[in-house]
Amino acid sequence: MTAPPHTAHPDGPGRGLPDTQQGMRRRNLARVMHTVSAEGPLSRAAVASRIGLTRAAVSTLVDELVRAGLLEELGPERPGRVGRPGSALAVSANGPAGIGAEVGVDHLAVCAVDLRGRVRARAVRHGSHRGRPARAVVDRLGDLVRQLTGAAREQGLWPAGLAVAVPGLVARDARTVVRAPNLDWHDADLGELLAVDMPLTVDNEANFGALAELWLGAGTPRDFLHVSAEIGIGAAVMMDGRLLRGTRGFAGELGHIPVRPDGPECACGGRGCLEQYAGEEAVLRAAGLEPGEDRVGVLARRAAEDDEDVRRALADAGTALGIALTGAVNLLDPERVVLGGALAQLAPWLLPSLRDELARRTAGPACPVSVSGLGSQGPLLGAAHSVVRQVLDDPAAAAEAQGNGNGNGKAGG
Ligand SMILES: [Zn+2]
């Protein structure tokens, strides 16, 4: 049920293949897929010239990808032209789909993204998961995934894999949620709990949010810090287009960086952590509001209506974020800080104090801070796209999985 080792993490493009003819073939299949995905529709000749292989070699690779339903022929490039026209190739609109899922404290969301990057099906279920056992929440997620994959299959897609974003620490096995404080999950092995008939990858929501920013964001650099929030605050460190994961896979816990050493106690055992000043509940408390439904929406609305208490609470949260980010920026020297998730929605009121603090404290020119255009959709889209990337990175594995019945789809497109 788990993905093969070289695809266990969404940012590991086909690593570890032996340098044999078989490995060469797999790499060339991936090069054809990536080229057509990025620049298609393209003729066989155009693909051959772009990747520097002979037209005959490319034709063999293309035929294999068309048979597996990963590429499709769109028909003659220039109908009516004398001679044999080249057929334009595109990645299949109705081939494999990446299934993304998100477990939030108050919701579940799933979506299917096709090889062309379009969201083809989506479903959301609201309802609090606080105090509910992991098994009950995961059962509910399994039902939602089956419902969504059914809808995707009706459109001619076949699920190539499932990636689940969770608000917690995920072990490097990419399936065990070691700790999710706001869900009260400990050592929950989703590989065991979640009954689905496709390869599974589990990762922290902040990591998937950062990957979405890297792949889908407008002009996102390859070195950046991505900071997001739901109830907790998470961050992901992207260095040269790859996630920095740390020894146990726990890198990026910005929410538990101390802002004031003698501050209030935190659930992590520390004191004065960033989450105690800029987490959703802390901001609501500081603004004199009760935690309820649509907490971020309420904060944004009240701030837009010039509610003084809310504006002050958000400005203070921005200051705390600036202090915590100073340490991270000085240590890592990213090209940019990107605010995603709930922080993107609240950015107009967080940014002034955050930028001031960062500029005042960092050495050299201040690190630019921008706001993600993906907003709260980042983690879900990043999860689904990570599966699509795995198909592009190793199309041979996707074709084999489909052949073994995992895809249960039609071959030949
Ligand atoms: Zn803490």
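Reply: Happy to! Strand E12, residues 233–239, is mostly covered, with six of its seven residues buried. Here a residue is buried if 20 or more other C-beta atoms lie within 10 Å of its own, exposed if 12 or fewer, and partly exposed in between, with C-beta atoms placed from the backbone. Helices (H or I, at least four residues) and strands (E, at least two) are DSSP runs, numbered from the N terminus.

Before we go further, a word on the source. Residues are numbered from 1 along each chain as its sequence is written. This is a predicted model, in which local features need pLDDT of at least 70 and side-chain atom pairs count only at pLDDT 80 or more, while totals for chains, interfaces and linings use all residues.

Now to the partners of E12. Strand E11 (residues 224–229) pairs with E12 in the antiparallel sense over six bridges; two strands pair if DSSP finds at least two bridges between them. One of these bridges links valine 227 to alanine 235 in E12.

Leucine 274 is in contact with Ile233, and its other contacts include Leu254, Val259 and Ala324, leaving aside neighbours within four places in sequence. Two residues are in contact if their C-beta atoms, placed from the backbone, lie within 7 Å. Leu274, along with Ala101 and Ala384, has the most contacts inside the largest nonpolar core, which has 124 residues. Such a core is a set of buried Ala, Val, Leu, Ile, Met, Phe, Trp, Tyr and Cys residues joined through C-beta atoms within 7 Å.

The 21 residues of H4 (residues 134–154) should span 30 Å at 1.5 Å a residue, and the end C-alpha atoms are 30 Å apart, which agrees; the expected span is 1.5 Å times one less than the number of residues. Its buried residues are Ala134, Val138, Leu141, Val145, Leu148, Thr149 and Ala152. They sit on the same side of H4 because they cover an arc of only 100° around the axis, the arc being that of the directions from the helix axis to the C-beta atoms. The face turned away from that buried side carries the exposed residues Ala136, Asp143, Gly150 and Glu154. Among the elements that the buried residues of H4 pack against are strand E3 (96–103), strand E6 (158–166) and helix H5 (190–193). H4 is followed by glycine 156, with a positive phi near 90°.

Stepping back, the protein has 13 helices and 15 strands. The C-alpha trace spans about 75 × 50 × 40 Å along its principal axes, and 46% of the 413 residues count as buried.
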